[in-house]
Amino acid sequence: MAEPLIRMASIRKAYGRVTALDGVDFHVNEREIVGLLGDNGAGKSTLIKVLSGAVPLTSGDIFVRGKKVNFRATNDAIAAGIETIYQDSALVTQLSIARNLFLGREPLKGPRFLNRMDQDHMNAVARDLLKQVGITKNIPPTTPIGSLSGGERQAVAIARAMYFDSDLIILDEPTNNLGVAETQGVLSFVRNARDSGHSCIFIAHNIHHVFQVVDRIVVMRRGKVVADDIDPKTTSVAAVEAVITGMNEPGATHH
Amino acid sequence: MAEPLIRMASIRKAYGRVTALDGVDFHVNEREIVGLLGDNGAGKSTLIKVLSGAVPLTSGDIFVRGKKVNFRATNDAIAAGIETIYQDSALVTQLSIARNLFLGREPLKGPRFLNRMDQDHMNAVARDLLKQVGITKNIPPTTPIGSLSGGERQAVAIARAMYFDSDLIILDEPTNNLGVAETQGVLSFVRNARDSGHSCIFIAHNIHHVFQVVDRIVVMRRGKVVADDIDPKTTSVAAVEAVITGMNEPGATHH
Amino acid sequence: KTFYWISHGSVADPVWTYFLAGAKQWATDTGNTVNTSFHEGNVASQQEAVRAAIAAKADGIVTTSPDPGSLVEVAKEANAADIPIINFNTPDPQASFDAYVGGDNVVFGRGWAQYLVDKGLVKKGDFVWMPVEIPGATYGVQEEEGIKSVFEPLGITYEVTEAKLDQAEAINRMVDYLTANRQKVKAIIGLGDLVTGSIKRVFDQVGVKPGEIPVVGWGNSLDTTQEVLQGYVNAAQWQDPQATSYVALSLANMAASGIPPGFNVITGALYEKDTAQIYDDILSGK
Amino acid sequence: MEKHSFVQRLIARPEFGPLVLLLVELAVFWSINHEFLSVGNISNTLSFTVELGLIALAMTLLMTSGEFDLSVGSVFGFAPVVMWTLFNTGAASLELAFLVAMLLAAVIGWANGWFVTRIRISSFLVTLGMLLVVRGTALYISDGFPQRTWNSGEQWLADILVGSFYIGSFRLYASLFWFIGFAVVLGYLLTGTRVGNWIQASGGNPGAARARGVNVDRVKVALFMLSAMLAALAGIISSIRTSSANPNSGSGYELEVIAMVVIGGTALTGGRGTIIGTVLGVFILRVMRNGIVLIGVPGLAYNIFIGAIILGMMTLHSWLERRHQSGT
Amino acid sequence: MEKHSFVQRLIARPEFGPLVLLLVELAVFWSINHEFLSVGNISNTLSFTVELGLIALAMTLLMTSGEFDLSVGSVFGFAPVVMWTLFNTGAASLELAFLVAMLLAAVIGWANGWFVTRIRISSFLVTLGMLLVVRGTALYISDGFPQRTWNSGEQWLADILVGSFYIGSFRLYASLFWFIGFAVVLGYLLTGTRVGNWIQASGGNPGAARARGVNVDRVKVALFMLSAMLAALAGIISSIRTSSANPNSGSGYELEVIAMVVIGGTALTGGRGTIIGTVLGVFILRVMRNGIVLIGVPGLAYNIFIGAIILGMMTLHSWLERRHQSGT
Ligand SMILES: Nc1ncnc2c1ncn2[C@@H]1O[C@H](COP(=O)(O)OP(=O)(O)OP(=O)(O)O)[C@@H](O)[C@H]1O
Ligand SMILES: Nc1ncnc2c1ncn2[C@@H]1O[C@H](COP(=O)(O)OP(=O)(O)OP(=O)(O)O)[C@@H](O)[C@H]1O
Ligand SMILES: [Mg+2]
Ligand SMILES: [Mg+2]
């Protein structure tokens with residue numbers, strides 16, 4: 001088999017004396033949707049923060065298409081084609097919806113040296129995207145993020161990932177806060193991503209959502225990967241829940 | 001029938017030119033768990049912010065046990081027995097878990113004028129509560145909130161509501177971010193609340209969670225209450241979803 | 001030998017530049033070390049510096065007095081430690097300094113007021129404007145005292161205004177004031193060097209011709225000597241800043257060698273257009 | 001809901017508050033002393049206003065990006081001292097001396113930015129330290145003596161920067177056009193360009209901006225350099241106009257400039273900034289200082305009035321804001 | 001994981017950085033001039049240190065709650081002018097004059113707090129305005145003339161505040177005990193009490209604190225009052241010790257005090273504060289100023305050194321912090 005799109009090998013990450021990741025091996029193939037599950041504090045967010053260059057790793061290697069990379073900042077990861085939607089939604093509350101959507105990738109208009117943002121284009125695209133992601137209410141794209149509801153903010157963050165296509169899209173609990181229609185928007189977006197040739201890492205506590213869209217499930221517990229090849233088509237939800245909580249292990253203790 | 005515990009009448013709330021609540025009538029009876037559902041931006045969070053004194057209302061009246069009240073700050077609501085867990089989890093990231101749990105209600109020790117916090121007691125209670133809410137990992141209660149995972153933070157916020165008993169506990173999307181065990185912790189907490197004589201308002205987008213615990217479901221859409229007496233025992237999930245999205249209405253249009 | 005030269009002045013004040021130059025010259029000429037510091041009118045900080053010098057077992061200390069009475073204690077401590085302590089520029093008779101070198105601000109103030117009166121430039125009922133960089137600083141307060149003793153009995157009124165120790169700001173504020181009160185102001189006394197040295201620029205901006213409003217004040221800067229030569233300023237006070245520093249350090253050195261100074265040295269002269277060239281030459285280092 | 005008249009749109013703008021303050025101020029002073037709006041007084045007020053204003057423009061962008069700069073006042077004093085020392089000692093032509101001074105300012109700004117972004121020291125401490133270093137250096141190289149500038153008469157550079165001319169009896173300085181020019185360019189930069197979006201994002205939520213690939217550190221360093229260079233330019237302009245380069249000039253300007261920016265409506269904590277507001281803020285404070293003297297407040301009470309008016313105006317401001325927030 | 005040695009625990013404390021800085025500084029100055037650690041010099045340094053230190057203690061709490069106060073320097077000058085004017089004109093006994101001065105300071109602090117919490121103006125603008133008003137008032141009531149204090153010789157109040165006595169040849173001022181007392185009480189208040197928890201929460205996340213029923217506004221008003229009153233006390237102590245009440249004294253203290261607090265490790269943005277750190281920060285800055293004079297840095301270069309040392313020390317500080325953060 002060819003090299004996977006992303007391969008992370010023996011990743012360790014320590015915050016001071018707390019070990020958040022303890023020798024994690026993880027990979028994502030081309031055109032694959034991977035579901036990443038695990039209890040609170042298992043290390044899921046930390047793993048993808050390492051992968052997206054947001055926090056430095058303590059030791060271990062990351063390979064993109066077989067080439068070793070060294071992400072020192074999020075820019076490096078973005079340049080390598082990795083787009084991330086964070087759990088603590090990374091929007092600038094003072095800026096408008098459109099300005100947030102295009103932050104870091106603003107389209108220009110007119111002579112280059114004028115550096116002029118094409119605001120009309122941005123607003124038009126933003127309006128479209130909000131509809132695609134399932135927001136039916138008519139929200140002007142110039143509204144600052146600060147005056148949106150919790151779910152509306154999440155929807156804006158999702159819309160951003162939908163617009164810029166990258167090789168790998170990472171979604172950390174994207175369906176939290178979302179209503180019925182918006183949730184369906186996100187799930188169908190993930191399905192489309194594969195069809196259009198992208199890979200995706202999908203983190204969620206709602207196992208039903210995960211089962212609906214992913215190709216493969218990886219489970220983490222206490223900073224380690226405890227299962228990395230669960231097929232959602234052949235496994236039951238209950239069995240996966242047992243792996244997550246550690247109930248399946250011989251001699252598992254629970255306090 | 002006796003006066004309900006809480007009655008809100010013709011509540012209007014406008015943010016500048018945006019009308020978030022448009023003449024809402026809402027009540028909660030004694031020992032009742034009410035589920036509040038609605039799409040993103042429906043006005044759920046705004047309604048409970050008004051009820052907990054966090055934002056001033058534009059017009060309308062609130063009655064607690066039949067007595068008209070005028071909440072000018074959260075203190076007033078807390079004094080009237082209303083405890084709220086906000087969606088944008090209201091923790092102080094710099095402070096420790098124990099200090100957050102007891103913020104505003106710190107137990108004292110020794111002579112009163114010394115104003116000395118009983119930190120040992122706080123830590124012991126905190127340790128207990130974290131276990132009750134389903135966190136199995138051993139997190140010292142002196143850890144600052146800033147170094148917790150998303151779900152762990154949410155669990156701390158929940159634990160706070162469990163400890164201080166109030167007449168009415170408001171939970172705004174409490175199960176977001178939570179893992180399997182922690183979610184079960186919250187749901188059983190809500191069930192126990194009724195048995196011990198409290199009322200509860202439960203907001204969530206996961207209708208399954210709502211169905212498991214509430215006595216009555218209220219649905220909001222675009223700042224209005226569109227259904228306020230749905231019995232989860234006699235109604236199907238699909239029917240409630242239809243009410244939420246407005247599909248059940250004659251001539252409902254969807255863009 | 002090591003001497004401490006401690007000033008309550010501000011490095012922002014041009015006249016202190018000349019005081020400092022005198023101290024440096026003395027250090028070069030005699031080959032002794034002179035540690036210098038400025039304390040911007042901060043009494044506490046200056047006391048601390050004098051005590052630091054005592055603690056460092058200095059051979060001698062020369063210091064100005066930020067406020068009459070404020071150095072009584074530390075002067076005693078210096079006497080007790082057998083370190084000569086010479087007062088310069090601003091006197092404080094109550095403190096037990098070994099000697100004083102410099103002028104007397106009260107006398108200077110009285111001199112300016114008397115000059116205006118004697119030359120018939122102001123009379124009863126007139127109003128005199130007295131800009132100062134920092135109101136409340138000792139030099140201005142003492143000068144005002146002297147001026148008051150002349151003007152008050154004659155029924156001449158005056159007002160002190162704040163100009164700030166910043167060239168652009170000072171000019172701006174003075175222009176504002178003069179624009180508003182041009183009719184009322186019959187004479188100007190510049191209580192500090194920076195304000196007196198700004199007169200030409202202020203007059204030019206407001207459109208006042210040289211000599212139209214009589215001006216007296218400090219004259220220890222090139223700006224002012226030029227203004228006197230060009231007729232913007234009628235008379236200016238010379239304080240011998242370099243000489244003051246130089247002589248004060250010399251007295252300290254002499255005392256350190258066991259010869260107690262038993263006298264004060266009084267400096268200063270009021271000059272007009274005819275003699276201004278001398279001071280202009282001194283200041284431009286000719 | 002989307003249809004509001006011109007007046008409503010004006011009222012909704014964040015610059016509405018400062019605009020009202022300025023108009024109120026002008027009206028009050030004028031009604032007390034009509035000289036206040038005389039040609040001579042306006043020309044005089046403008047000349048100094050634009051010098052502080054130049055610094056305030058750069059500070060607006062810097063504060064929008066979440067940092068501030070206490071060293072501007074000392075750079076204001078330092079740059080002209082360097083320039084005129086070089087020129088007066090014959091070490092360089094005026095043009096070269098000007099370039100050297102601007103270059104040094106750029107280095108100072110870069111150093112500020114480097115300490116803030118690389119070493120992660122708060123900009124308060126960095127620029128406070130830099131203030132002392134720069135001010136000390138200015139004093140040290142000039143030995144405390146002011147530098148003379150009046151042999152600048154025949155220099156084209158001086159003319160371009162501050163040459164004055166009359167329109168009727170109205171005396172205008174070229175520096176006014178520099179101020180207008182920078183205000184237009186920087187206003188456009190902040191609201192219309194990609195870089196402007198980055199500046200706002202850097203101040204609003206640096207983590208989010210970084211996650212989107214915005215080079216927050218480079219944005220901040222560039223703005224620190226802009227701030228130092230505009231402060232240097234302002235200082236040089238001022239030195240030519242007042243014909244003196246005093247190593248101490250500009251002390252205390254930092255607080256005044258920050259006050260101008262904040263009164264104009266830019267957030268102290270970053271993320272929100274407005275150049276139009278700053279221009280209004282600059283005028284509000286300068287007009288206030290001028291007006292107070294003009295209406296004849298007693299000299300020693302000057303500061304009492306300045307302080308009280310700042311408090312009073314901000315109260316009015318906050319009242320206007322709240323009224324429009326709770327609108328409908 | 002929970003078992004770490006004493007050394008490790010010391011290193012993990014936020015006050016470790018400032019402590020190292022102070023020790024390095026003492027070592028360097030001492031190695032250049034041994035007189036630096038002489039009894040006379042230490043006693044001399046201590047006396048002035050505690051006066052600024054008193055203000056810094058209150059400022060630590062205020063900054064932890066998310067606000068700061070630029071008006072402390074002017075209150076430092078204002079309070080003694082009021083007190084001695086009342087006493088010298090015979091309008092009041094010294095005790096009464098003292099009470100009046102402290103009361104006025106409390107009113108000033110209350111006004112600061114009122115503007116910040118009720119009118120919601122940023123504390124930068126409020127306290128800047130108040131600085132001007134208070135300084136102006138001090139000048140105005142004293143007509144710019146300093147007040148004499150030397151008829152205070154026989155007053156018990158003066159003795160309690162600054163009476164000095166000798167331990168061997170070591171001269172101590174009573175004010176040192178006031179400083180120690182306030183440091184202990186305020187340190188306990190911040191870390192051990194319920195009110196301390198409220199202060200930290202008010203600065204860390206005022207919304208959350210309010211939601212929990214903490215009266216954030218009242219906390220802040222109280223801290224503004226504390227800050228003004230300690231500044232007044234410090235000013236009065238200083239005026240007795242230096243026997244002069246000058247309306248200009250204390251100018252510029254605000255920035256120095258804030259720098260002390262920040263160097264000690266308190267966050268400029270609120271939420272995190274440490275009294276021990278502030279005590280260290282106070283000593284770091286005062287020792288630096290004293291040492292620089294003692295080792296004979298030229299007067300004009302003084303500021304260069306102060307600035308460079310601040311930058312250098314903060315770099316060291318930030319390096320220490322990062323080392324311990326990234327530790328295993
Ligand atoms: N501070 C604010 N300023 C202006 N508009 C606001 C503000 N807060 C909320 N709104 C608007 O009010 C409406 C209702 O918001 P609210 O937060 O109550 O929705 P919600 O039902 O809680 O939605 P969600 O499920 O997404 O949390 C939204 O359309 C939102 O845009
Ligand atoms: N900045 C930090 N400093 C110290 N410890 C941290 C920090 N961030 C995370 N941790 C710790 O690392 C562990 C893993 O956190 P992480 O956020 O990766 O969990 P997660 O799997 O995403 O959990 P959740 O489902 O609750 O979001 C947690 O125990 C947390 O306490
Ligand atoms: Mg997570
Ligand atoms: Mg909500």
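In this predicted model, chain D meets chain E through 40 residues of chain D and 39 residues of chain E. Eight pairs of chains are in contact, and chains D and E share the most contacts of them. The area buried between chain D and chain E is about 3,500 Å², with 82% of it given by carbon and sulfur atoms. Between chain E and chain C the buried area is about 2,600 Å², and there carbon and sulfur atoms give 52%.

**Interface of chain D and chain E**

- Three residues, D:Leu125, D:Leu300 and D:Leu311, supply 18% of the area that chain D buries against chain E, which is more than any other three residues supply.
- The count of salt bridges between chain D and chain E is zero.
- Zero residue pairs in polar contact are found across the interface of chain D and chain E, where both residues must have pLDDT 80 or more.
- On the side of chain D that touches chain E, at least two residues each come from helix 6 (123-142), helix 12 (253-263) and helix 14 (302-325) of chain D.
- Helix 6 of chain D gives the most to this side, with 13 residues.
- Sorted by class, the side of chain D that touches chain E holds 27 nonpolar, nine polar and four charged residues.

**Interface of chain E and chain C**

- Chain E brings 33 residues to its contact with chain C, and chain C brings 34 residues.
- E:Asn44, E:Phe145 and E:Val293 supply 19% of the area that chain E buries against chain C, more than any other three residues.
- The count between chain E and chain C is one salt bridge.
- E:Arg286 and C:Glu48 meet through their side chains in a salt bridge, at 2.9 Å from N to O.
- One residue pair in polar contact is found across the interface of chain E and chain C, with both residues at pLDDT 80 or more.
- Four elements of chain E each supply at least two residues of the side that touches chain C: helix 3 (39-64), strand 2 (170-173), helix 11 (216-241) and helix 13 (275-294).
- Helix 3 of chain E provides the largest share of that side, five residues.
- By class, the side of chain E that touches chain C has 12 nonpolar, 16 polar and five charged residues.

**Chain pairs without contact**

- Chain A and chain C are joined by no contact, and their closest C-alpha atoms lie 36 Å apart.
- Chain B and chain C are likewise joined by no contact, with their closest C-alpha atoms 36 Å apart.

**Ligand 1**

- From chain A, a polar backbone atom of A:Ser147 is 2.8 Å from an oxygen atom of ligand 1.
- From chain B, a backbone N or O atom of B:Ala42 lies 3.2 Å from an oxygen atom of ligand 1.
- A polar side-chain atom of B:His205 lies 2.9 Å from an oxygen atom of ligand 1.

**Ligand 2**

- Ligand 2 has 20 residues around it, and A:Ser45, A:Thr46, B:Lys137, B:Ser149 and B:Gly151 come nearest.
- An N or O atom in the side chain of A:Asn40 is 2.9 Å from an oxygen atom of ligand 2.
- At A:Gly43 a backbone N or O atom lies 2.8 Å from an oxygen atom of ligand 2.
- An N or O atom in the side chain of A:Lys44 is 2.7 Å from an oxygen atom of ligand 2.

- A:Asn115 is not a glycine, yet has a positive phi of about 60 degrees.
- A:Asn115 sits in the loop between strand 7 (108-109) and strand 8 (116-117) of chain A.
- With a relative accessible area of 19%, A:Asn115 is buried, because buried means under 20%.
- B:Arg65, also a residue other than glycine, has a positive phi near 50 degrees.
- B:Arg65 is in the loop between strand 4 (59-64) and strand 5 (67-69) of chain B.
- B:Arg65 counts as partly exposed, at 43% relative accessibility.

Key:
Residues are numbered from 1 along each chain as its sequence is written. Chains are lettered from A and ligands numbered from 1 in the order in which they are written. This is a predicted model: local features need pLDDT of at least 70, side-chain atom pairs count only at pLDDT 80 or more; totals for chains, interfaces and linings use all residues. Side-chain values use heavy atoms; hydrogens and water are left out. Buried means under 20% relative accessible area, exposed over 50%, partly exposed in between (1.4 Å probe, protein chains only). Contact means heavy atoms within 4.5 Å. Buried area is the accessible area (1.4 Å probe) that two parts lose on being put together, summed over both. A salt bridge is a side-chain nitrogen of Lys or Arg within 4 Å of a carboxyl oxygen of Asp or Glu. A polar contact is a pair of N or O atoms within 3.5 Å; within protein, one must be able to donate a hydrogen and the other to accept it, and residues adjacent in sequence count only if both atoms are side-chain atoms. Ala, Val, Leu, Ile, Met, Phe, Trp, Tyr, Cys and Pro count as nonpolar, Asp, Glu, Lys and Arg as charged, and the others, Gly among them, as polar. A residue is near a molecule or strand if one of its heavy atoms lies within 4 Å of it.
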